[in-house]
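Work through the exercises below with the structure in view. Try each task before reading its solution.

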Amino acid sequence: MTDAMIHANLGVYLDALKAALKGSDKALIQDALWDAEDHLRSELARRRAQDPKLDIGAALTEILAAYGEPAEVAAAYRDRDRLVAAALAPVAPSAPSPEDARESASRPHPSFFGVFKDLRAYTSLFYLLLSLATGIFFFTWAVVGLSLSMGLMVLIIGIPVLIAFLGSVRLLALAEGRLVEALLGVRMPRRQPPIEEEKGWKSSLKRLFCDGRTWSSLLYLLLMLPLGVFFFSLMVTMLSTSLALLATPVVHFVFHEVTYDGWTWGGNHPALVAIVAGLLGLIAVPITLHASLLLGRMQGFLARHFLVRV
Amino acid sequence: MDPTLLDDLERKFQKELNAGTVGLLLLAVLAETKEPRYAYDIAKDLEERAPITKLGTLYPVLRSLEGLGLLDSRVEPSVSGPPRKYYRLTKEGRAALSAWAKQWKQTSQAVNAVLKGVSHD
């Protein structure tokens with residue numbers, strides 16, 4: 001093998017390394033190529049000095065294999081560079097963690113019609129419709145539990161009832177948090193906050209009483225009734241209106257069953273009314289989905305503030 | 001389990017292990033001599049005594065150790081071919097080496113104690 005052929009062979013490897021480092025800092029690429037060429041040439045020279053009748057082709061293959069695949073070497077340079085940059089930076093810029101990225105606030109809002117493809121819009125809608133049921137349950141639970149423990153306070157059993165009730169509030173807060181995370185995509189606590197080991201009703205009562213989270217959770221449970229009523233009525237209204245508008249042309253052109261009682265102009269132009277209604281429906285449905293996304297985001301914000309305390 | 005996945009995991013584990021140990025080994029090799037050493041010589045030395053990594057991944061570690069101030073380098077012309085890069089331990093590098101070596105001893109002892117009885121081939 002001639003020197004020119006060796007040069008060409010090394011060139012192929014160096015080009016591959018350069019390609020693998022594409023997009024990295026120029027100085028880093030230069031360092032990497034310099035290191036590689038220096039090593040490969042030195043190694044070849046050493047082997048040739050040891051054995052003048054060396055099979056250079058085979059030796060080159062061996063040397064390149066020992067040096068490592070271009071992708072592997074490139075990754076090592078990049079990793080190391082990041083490490084040094086992180087170690088030397090006075091305050092490393094904090095990259096958003098995957099957990100944070102899951103928060104709805106950091107997700108880009110979908111485009112007007114893109115909302116159809118956003119799963120979160122549908123899960124939010126489901127949450128908002130469900131919130132009437134959960135709101136009624138939470139409110140009832142909170143009012144019954146509070147009045148029961150207050151009423152029984154004159155007897156001694158009021159205290160264990162109150163402890164059990166406040167404990168249940170925190171459990172419900174955790175359950176609601178799971179629901180919020182699953183349907184609204186807002187990161188919520190995954191487990192109960194740690195419980196101190198000390199036993200006895202006095203300490204547990206004190207702990208439950210002194211923790212602001214208990215009370216904010218209770219407030220949230222009570223608040224869920226008006227919010228649930230509001231969410232449910234708004235969403236049902238918007239959903240039924242937009243779906244009805246969207247269905248009008250179908251009903252008119254397919255089933256010919258639209259009648260306009262007391263609207264003479266509409267009765268005279270049923271086709272026009274049907275088309276306009278259909279177009280309005282085409283706009284109203286995504287608006288509904290956007291509204292559910294926004295309300296879901298708002299609710300997630302509320303849940304984070306009432307149910308999560310650090 | 002998929003055998004290629006197992007291979008992948010094995011490679012990844014070796015890479016994770018090397019992330020710390022290669023730097024320690026390079027510092028240790030450089031601590032053996034007072035004179036600056038040629039980068040290629042360091043790599044060859046390590047290849048013979050501790051063949052745990054591809055040679056190409058040693059050089060970025062040398063550069064990063066230099067970047068952290070643990071090594072010093074200078075480029076010298078050579079009689080045959082292109083100029084060569086020589087590395088030398090700095091005072092900080094020596095301090096890091098003794099601290100890291102201590103950590104390594106503790107870690108390896110602890111790991112070996114737990115691994116006692118795990119069969120391997």
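**Exercise 1. Find the residues that form one aromatic cluster, and examine the ring pair formed by A:Tyr13 and A:Tyr67.**

Solution. 
- Start with the cluster. A:Tyr13, A:Tyr67 and B:Tyr59 make it up. Note that the model is a predicted one.
- Over all chains, the structure holds ten aromatic pairs.
- Classify the pair. The ring centres of A:Tyr13 and A:Tyr67 are 6.1 Å apart, and the planes stand at 80°. Planes over 60 degrees apart count as edge-to-face. So the pair of A:Tyr13 and A:Tyr67 is edge-to-face.
- Locate the two residues. A:Tyr13 sits in helix α1 (residues 3–20) of chain A, and A:Tyr67 in helix α3 of chain A.
- Check burial. A:Tyr13 and A:Tyr67 are both buried.

**Exercise 2. Classify the ring pair of B:Tyr38 and B:Tyr86. Is B:Tyr86 buried or exposed?**

Solution. 
- Take the geometry. The ring centres of B:Tyr38 and B:Tyr86 lie 5.8 Å apart, with the planes at 35°.
- Apply the rule. Under 30 degrees counts as stacked, over 60 as edge-to-face, and the rest as tilted. The pair of B:Tyr38 and B:Tyr86 is therefore tilted.
- Locate the residues. B:Tyr38 belongs to strand β1 (residues 37–38) of chain B, and B:Tyr86 to strand β3 (residues 84–89) of chain B. The two are 48 residues apart.
- The cut-off for buried is under 20% relative accessible area. B:Tyr86 has 18% relative accessibility, so B:Tyr86 is buried. B:Tyr38, at 3%, counts as buried too.

**Exercise 3. Describe the interface of chain A and chain B. How many salt bridges cross it?**

Solution. 
- Count the residues. 21 residues of chain A are in contact with 21 residues of chain B.
- Take the area. The two chains bury about 2,000 Å² between them, 59% of it on carbon and sulfur atoms. In chain A, A:Trp34, A:His39 and A:Arg80 lose the most area to chain B, together 29% of what that side buries.
- Count the charged links. Four salt bridges cross the interface. One salt bridge joins the side chains of A:Asp35 and B:Arg63, at 2.7 Å from N to O.
- Between chain A and chain B, 13 residue pairs are in polar contact.
- Name the elements. On the side of chain A, α2 (26–50), α3 (56–67) and α4 (70–88) each give two or more residues. α4(A) gives the most, with nine residues.
- Sort by class. That side of chain A has ten nonpolar, three polar and eight charged residues.

Notes. Residues are numbered from 1 along each chain as its sequence is written. Chains are lettered from A and ligands numbered from 1 in the order in which they are written. This is a predicted model: local features need pLDDT of at least 70, side-chain atom pairs count only at pLDDT 80 or more; totals for chains, interfaces and linings use all residues. Side-chain values use heavy atoms; hydrogens and water are left out. Contact means heavy atoms within 4.5 Å. Buried area is the accessible area (1.4 Å probe) that two parts lose on being put together, summed over both. A polar contact is a pair of N or O atoms within 3.5 Å; within protein, one must be able to donate a hydrogen and the other to accept it, and residues adjacent in sequence count only if both atoms are side-chain atoms. Helices (H or I, at least four residues) and strands (E, at least two) are DSSP runs, numbered from the N terminus. Ala, Val, Leu, Ile, Met, Phe, Trp, Tyr, Cys and Pro count as nonpolar, Asp, Glu, Lys and Arg as charged, and the others, Gly among them, as polar. Rings of Phe, Tyr and Trp (its six-membered ring) pair if their centres lie within 6.5 Å; planes under 30 degrees apart count as stacked, over 60 as edge-to-face and the rest as tilted. Buried means under 20% relative accessible area, exposed over 50%, partly exposed in between (1.4 Å probe, protein chains only).
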